[in-house]
Amino acid sequence: MHFGYWTPVYGGFLRNVGDEGMPAAWSYIKQISQQADRLGYHTTLVPELYLNDRKGIDAPSLEAWSLSTGILAVTERLRVMTAVRPGFHLPAVIAKATSTISDIAGLSPRARAASL
């Protein structure tokens, strides 16, 4: 059995609750990602949200693809599943981006295929 978690790109999970103590900031995401990696979590889901639908549209929200790259660069075993909005991105662009992100994470093509 594998365990995973949602990365709080929007500063928490509760709708319209101000401060949950989970800032939408790289320093916090880096800290929880590295802790999850040490604890043996398998996967994190990084949702792609351009407007913060949890805290309000004026609240901060981190960009999923850059964040996924950062998480993979600072962890050793943690897998990242980045949400893709269908019809929002060109498939060829997503394929190229994920290939580059996998390279940054140190995954060879064979390792990528085995991890799916």
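Modeller: What follows is a set of questions about the terms used for this structure, each answered from its definition.

Biologist: What kind of model is this, and how are its residues and values counted?

Modeller: This is a predicted model, in which local features need pLDDT of at least 70 and side-chain atom pairs count only at pLDDT 80 or more, while totals for chains, interfaces and linings use all residues. Residues are numbered from 1 along each chain as its sequence is written, and side-chain values use heavy atoms, with hydrogens and water left out.

Biologist: Why is α2 called largely enclosed by the rest of the structure?

Modeller: Helices here are DSSP runs of H or I with at least four residues, and strands are runs of E with at least two, numbered from the N terminus. A residue is buried when its relative accessible area is under 20%, exposed when it is over 50%, and partly exposed in between, using a 1.4 Å probe and protein chains only. Of the 11 residues of α2, 8 are buried, so the helix counts as largely enclosed. Those buried residues are Ala64, Trp65, Leu67, Ser68, Thr69, Gly70, Ile71 and Leu72, and they pack against α1, β2 (43-46), β3 (79-82) and α3.

Biologist: What makes tryptophan 26 partly exposed?

Modeller: Tryptophan 26, which is found in helix α1, has a relative accessibility of 34%, and therefore counts as partly exposed.

Biologist: Why are glutamine 35 and arginine 79 put in the partly exposed class?

Modeller: Glutamine 35, in helix α1, is partly exposed because its relative accessibility is 38%. Arginine 79, in strand β3, is partly exposed because its relative accessibility is 27%. The C-alpha atoms of arginine 79 and threonine 43 are separated by 4.5 Å, although these residues are 36 residues apart along the chain.

Biologist: Why are α2 and α3 called roughly parallel?

Modeller: Axes are lines fitted to C-alpha atoms, for helices over the stretch in contact, and angles run from 0 to 180 degrees between N-to-C directions. Angles under 35 degrees count as roughly parallel, over 145 as roughly antiparallel, 65 to 115 as roughly perpendicular and the rest as oblique. Helix α2 (residues 64-74) and helix α3 (residues 91-104) pack at an angle of about 20°, with their axes 9 Å apart, and α2 and α3 are therefore roughly parallel to each other. In this pair, Trp65, Thr69, Leu72 and Ala73 of α2 meet Ile94, Thr98, Ile101 and Ile104 of α3.

Biologist: What makes α1 oblique to α2?

Modeller: The two helices pack at an angle of about 45°, with their axes 10 Å apart, and that angle makes α1 oblique to α2. From α1, the contact is made by Trp26, Ile29, Lys30, Ser33 and Gln34, and from α2 by Leu67, Gly70, Ile71 and Val74.

Biologist: Which residues touch the most other members of the largest nonpolar core, and what makes a set of residues such a core?

Modeller: A nonpolar core is a set of buried Ala, Val, Leu, Ile, Met, Phe, Trp, Tyr and Cys residues joined through side-chain atoms within 4.5 Å. The largest one has 20 residues, of which Val9, Ile29, Val46, Leu62, Leu67 and Ile71 touch the most other members. The helices α1 (26-39), α2 and α3 each supply at least two residues of this core, and the largest share, 5 residues, comes from α2. Leucine 67 touches Thr7, Val9, Trp26, Ile29, Val46 and Leu62, not counting residues up to four places away in sequence.

Technical notes
Contact means heavy atoms within 4.5 Å.
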